[in-house]
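Keep the structure open beside the text.

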Amino acid sequence: MRISSWRLTLVLSTAVSLIGFSEPASAATVNVTVGPNGDMVFIPSSVTIHPGDKVKWIWGSGGHSTTSGSPGMPNGIWNSGILNQGAMFTRTFNSIGTFPYYCIPHGGFGMVGTVRVVALSPTPTPRPTATITPRPTATPIATPTVAKDFNRDGYPDYLLFNPSSLATAIWYMNNNVFVSGAFGPSLPSGWTLVAVGDFNRDSKPDYVLYNGSTRQTAIWYMNNAVFVSGAFGPTVPFGWTLVTVGDFNRDSKPDYVVYNGSTRQTAIWYMNNNVLVSGAFGPTLPAGWELVGH
């Protein structure tokens with residue numbers, strides 16, 4: 001399936017306009033392309049919206065449908081019927097939940113999608129407190145990537161990542177003085193530690209991971225140097241990469257910064273924990289310059 005030619009414009013069609021985003025009463029319409037370039041896919045295949053928002057499917061080629069349920073098992077919530085190129089079908093989602101759908105002729109070939117309807121400002125789910133197991137002092141050979149206060153003593157600490165062994169470690173600092181170290185969890189093959197942010201808002205820094213081959217993102221929720229649990233985040237479109245995170249819209253929730261090295265375009269994905277809420281393009285960098293994370 002050929003989806004490499006579709007740039008972030010299609011993915012960001014899942015997002016409402018930044019203008020009016022903070023107004024809960026303002027419903028948004030999210031666009032999904034059906035069969036772009038004749039491919040048997042929905043672009044994007046998964047969207048996250050709020051109650052009252054709409055999803056508009058726009059046919060990029062003919063012979064497809066958007067039908068709620070799983071391939072061969074429609075649940076009757078909606079069915080566009082098989083339509084031709086240029087057709088449009090819109091549905092308003094008023095209930096919170098996850099709504100899978102598929103194309104009647106091609107669902108068995110993987111042409112499926114999902115609409116997730118979430119509360120505008122859900123209360124973060126409390127997570128179990130993890131007991132910190134004492135670990136030996138760590139002196140790994142790696143480059144410090146970020147500085148966050150992992151042991152909550154008021155001093156930022158070094159987070160180290162070894163790309164060869166995929167090991168992580170934390171160096172606890174007192175100003176510019178190394179105090180002690182602890183090994184963190186090792187990453188699975190193919191993944192890179194990109195940044196750190198408090199995604200579940202428990203006042204403890206979490207790991208942000210990125211897989212350059214699959215373009216999948218993930219968050220590892222941490223308690224100091226101890227891995228507590230993990231969750232997948234959104235997949236970055238072809239040609240783009242996850243660079244870093246930061247709270248750009250000042251809602252106390254870290255956001256993704258993604259970058260296209262070919263076009264030098266930047267974009268921000270506004271996140272609610274591991275869920276993509278909306279997106280907006282940032283400035284395009286001049287030739288010869290690159291966007292650097294922290």
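Start at Phe93: Arg91 lies over the face of its ring, 4.8 Å from the ring centre. A charge counts as sitting over a ring if NZ of Lys or CZ of Arg is within 6 Å of the ring centre and within 35 degrees of the ring normal. Bear in mind that this is a predicted model, where local features need pLDDT of at least 70, side-chain atom pairs count only at pLDDT 80 or more, and totals for chains, interfaces and linings use all residues. Residues are numbered from 1 along each chain as its sequence is written, and side-chain values use heavy atoms, with hydrogens and water left out.

Rings of Phe, Tyr and Trp (its six-membered ring) pair if their centres lie within 6.5 Å; planes under 30 degrees apart count as stacked, over 60 as edge-to-face and the rest as tilted. By this rule there are 13 aromatic pairs. Take Phe42 and Tyr101: their ring centres are 4.8 Å apart and their planes stand at 70°, so this pair is edge-to-face. Phe42 belongs to strand β2 (residues 42-43) and Tyr101 to strand β8 (residues 97-102), so the pair ties together parts that are 59 residues apart in sequence. (Helices, H or I with at least four residues, and strands, E with at least two, are DSSP runs numbered from the N terminus.)

Leaving aside residues up to four places away in sequence, Val115 touches several residues, including Val47, Ile49, Trp57, Phe93 and Tyr101; contact means heavy atoms within 4.5 Å.

Five bridges join β11 to β12 (residues 167-174) in antiparallel fashion; two strands pair if DSSP finds at least two bridges between them. Tyr158 has Trp171 in β12 as its bridge partner. Four residues separate the strands of this hairpin, and Leu166 in the turn has a positive phi of about 65°. β12 also runs antiparallel to β13 (residues 177-183), joined by six bridges, with Gly181 in β13 as the bridge partner of Trp171. That hairpin has two residues between its strands, and Asn175 takes a positive phi near 60°.

Further on comes an open sheet of four strands, in the order β18-β19-β20-β21, with antiparallel pairing. β18 (240-246) and β21 (275-284) are at the edges with a single partner strand each, so one side of each is left without a neighbour in the sheet. Between β19 (residues 255-260) and β20 (residues 265-272) there are four bridges, and Tyr256 has Trp269 in β20 as its bridge partner.

Stepping back, the chain has one helix and 21 strands, and 46% of its 294 residues count as buried.

Terms used: Buried means under 20% relative accessible area, exposed over 50%, partly exposed in between (1.4 Å probe, protein chains only).
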